[in-house]
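User: Hi! Could you walk me through this one with me? I'd like to start with a single residue and then zoom out.

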Amino acid sequence: MPYTHFSVRMRLDKRLAAVTGLGIDGRKLMDLDRHGINWRLDPRLREDQQTGERVYARNNIDRGHLVRRASAVWGDTLAEAAQANEDTFHYTNAAPQAAKFNQGLELWLGMESYLLDHAAGHRRRIVVFTGPIFSDVDPVYRGVDIPLRFFKVAALIHEGELAATGYVVDQTPQLAELPDVPRPGALDGTPPLGPFRSFQAPIRDIAELTGLDLEQLAAVDRMPIAATLGAAAIGSSWRELAAMEDLDLDFDLEF
């Protein structure tokens with residue numbers, strides 16, 4: 001489903017996005033606030049095909065933006081940027097996130113700006129794919145599966161060639177603190193979970209976990225170990241991130 005500067009591919013069985021794709025042009029970013037913009041359903045879908053306010057009402061669950069609002073707000077005109085700003089507030093661009101998790105994602109959200117500023121160079125263009133990683137142990141709350149983990153894949157042109165990197169973040173510990181949300185099940189085959197833990201992960205692993213066709217991006221993954229994975233188990237090479245300096249890339253970035 002197209003919006004201004006981004007698109008959403010829905011998982012209608014989950015009533016949430018499978019993946020969002022955002023194009024960013026850092027040369028045209030504008031600083032607009034969110035004042036007066038309300039979340040709303042997309043009229044192009046039936047109400048029972050999307051997750052609306054009922055899931056987020058009277059609890060500590062946030063409407064977590066998948067497409068980051070600030071990254072979408074750009075354009076040749078103020079009107080274009082303002083439309084993008086409003087478009088990010090469709091429920092199709094939201095996923096249920098524990099409030100403490102959603103409000104503690106400085107590192108996760110900062111990756112887009114970081115890669116844009118330091119890797120895109122003078123072109124200052126980047127494409128970011130973001131979405132939930134659904135699993136069989138996701139807790140069901142008010143009829144909706146709440147994803148335990150989310151992914152992000154950033155793609156850009158570096159020295160004339162396509163390059164990409166992938167990331168995973170989990171909210172399992174924060175969901176476990178919400179009394180009215182069923183306790184999440186245990187995830188197998190991935191690193192131990194912890195508060196706000198973000199990982200750089202091979203794009204191959206993200207494709208396996210989501211079922212998305214990321215073959216073209218996996219082929220240009222700039223995480224060095226991605227080229228030597230072979231049949232390595234999913235999660236065995238994930239790299240925990242505590243700061244931007246922990247990014248494992250084979251092209252120069254200025255920290």
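Predicted model: local features only at pLDDT ≥ 70, side-chain atom pairs only at ≥ 80, totals over all residues.

User: What does the side chain of H5 have 2.9 Å away?
Analyst: The backbone oxygen of A72 is 2.9 Å from a polar atom of the H5 side chain.

User: Where is H5 found in terms of segments?
Analyst: H5 sits in the segment before β1, the strand covering 6–11.

User: Let's switch to E112. Where is that one?
Analyst: E112 is in helix α4. With a relative accessible area of 3%, E112 is buried.

User: What is E112 in contact with, neighbours within four places aside?
Analyst: E112 is in contact with L22 and I24, with R68 and S71, and with V128 and K152.

User: How far apart are E112 and V128?
Analyst: They are 16 residues apart in sequence, and their C-alpha atoms are 7.5 Å apart in space.

User: Now the nonpolar core. Which residues of the largest one touch the most other members?
Analyst: I61 and F150 do, in a core of 44 residues. Two or more residues each come from β1, β2 (16–25), β4 (94–98), α4 (106–118), β5 (125–133), β8 (149–158) and β9 (161–170). β2 gives the most, with 4 residues.

User: What does I61 touch beyond four places in sequence?
Analyst: I61 touches V55 and Y56, P96, Q97 and A99, Y141 and I146, plus L178 and V181. There is also a second, separate core of 16 residues, including V19, A164, F199 and W238.

User: Zooming out, how many helices and strands are there?
Analyst: The protein has 7 helices and 11 strands. Of its 255 residues, 55% are buried.

User: What share of the contacts between residues at least 6 apart join residues at least 24 apart?
Analyst: That share is 75%.

User: Last one: what does the accessible surface come to?
Analyst: About 11900 Å², with 49% of that belonging to carbon and sulfur atoms.

Conventions. Residues numbered from 1 in each chain as written. Heavy atoms only, no water. Polar contact = N/O pair within 3.5 Å; in protein donor to acceptor, adjacent residues only side chain to side chain. Core = buried A, V, L, I, M, F, W, Y, C linked by side-chain atoms within 4.5 Å. Buried < 20%, exposed > 50% of the residue type's maximum accessible area, 1.4 Å probe, protein only. Contact = heavy atoms within 4.5 Å. Areas by Shrake-Rupley, 256 points an atom, 1.4 Å probe, with all protein chains shown as cover.
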